[in-house]
Amino acid sequence: MERYFFKKISLNLLLMTLISLSLFACSNETPKEGVEVTDAWVRKMPPGVPNTAAFMTIKNHTGSPVTLTGVAMDSAGHVMMHETKVVNDMAKMEHLDKVVIDKEVSFKPGAKHVMIMGLDMSDGADSYNITLHFENKPSLDVSAQVRDANQ
Ligand SMILES: [Cu+2]
């Protein structure tokens, strides 16, 4: 009986050690570094509509604020950062010179967005490349998937 009890305790200890080891392993499995962009997409527009917008989430893992100073797209005429704001019940788009990313900033419909003017989507491309320019940091190329707005 005593021996069984001891075995049980040591098994529990072993399990606890394994669990804490695996937790430790998990938290260290994918160390995120630098600036990470997720869920980048471009709103699909009907033929003949040259202006659209792109959205994405930018995550800053550097530990200090990162400043986004501009956006560029080879395939479009003009690209800039905008923010939609509601003033007196009217939605207005404001131009943004820069966006400071502390931990995470989301560009999403009705808020900050990448304004794209003069993009010909008639080629039916699945995705477009968008370049993000940062202050004191290398630029980042992002592949934005073409998506229907209501998808
Ligand atoms: Cu806009």
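These notebook entries record what I looked up in a predicted model.

**Basis.** I number residues from 1 along each chain as its sequence is written. In this predicted model, local features need pLDDT of at least 70 and side-chain atom pairs count only at pLDDT 80 or more, while totals for chains, interfaces and linings use all residues.

**Core.** I looked up the largest nonpolar core, which has 24 residues. A nonpolar core is a set of buried Ala, Val, Leu, Ile, Met, Phe, Trp, Tyr and Cys residues joined through C-beta atoms within 7 Å. Buried requires 20 or more other C-beta atoms within 10 Å of the residue's own, exposed 12 or fewer, and partly exposed lies in between, with C-beta atoms placed from the backbone. Ala54, Met56, Val79, Val114, Ile116, Ile130 and Ala144 touch the most other members. The elements giving two or more residues to this core include β1 (35-43), β4 (76-87) and β8 (112-119); the largest share, 5 residues, comes from β2. Strands are DSSP runs (E, at least two residues), numbered from the N terminus.

**Val79.** Beyond neighbours within four places in sequence, I find Val79 in contact with Val71, Ala72, Met73, Val114, Met115 and Ile116. Contact means C-beta atoms, placed from the backbone, within 7 Å.

**Thr62.** I located Thr62 in the loop between β2 and β3. Thr62 counts as partly exposed because it has 14 C-beta neighbours inside 10 Å. Its C-alpha atom is 6.3 Å from that of Glu33, 29 residues apart along the chain.

**Asp102.** I located Asp102 in the loop between β6 (99-101) and β7 (104-107). Asp102 counts as exposed, because 9 C-beta neighbours lie inside 10 Å. Leaving aside residues up to four places away in sequence, Asp102 touches Asn60 and Pro65.

Terms used: Helices (H or I, at least four residues) and strands (E, at least two) are DSSP runs, numbered from the N terminus. Two residues are in contact if their C-beta atoms, placed from the backbone, lie within 7 Å.
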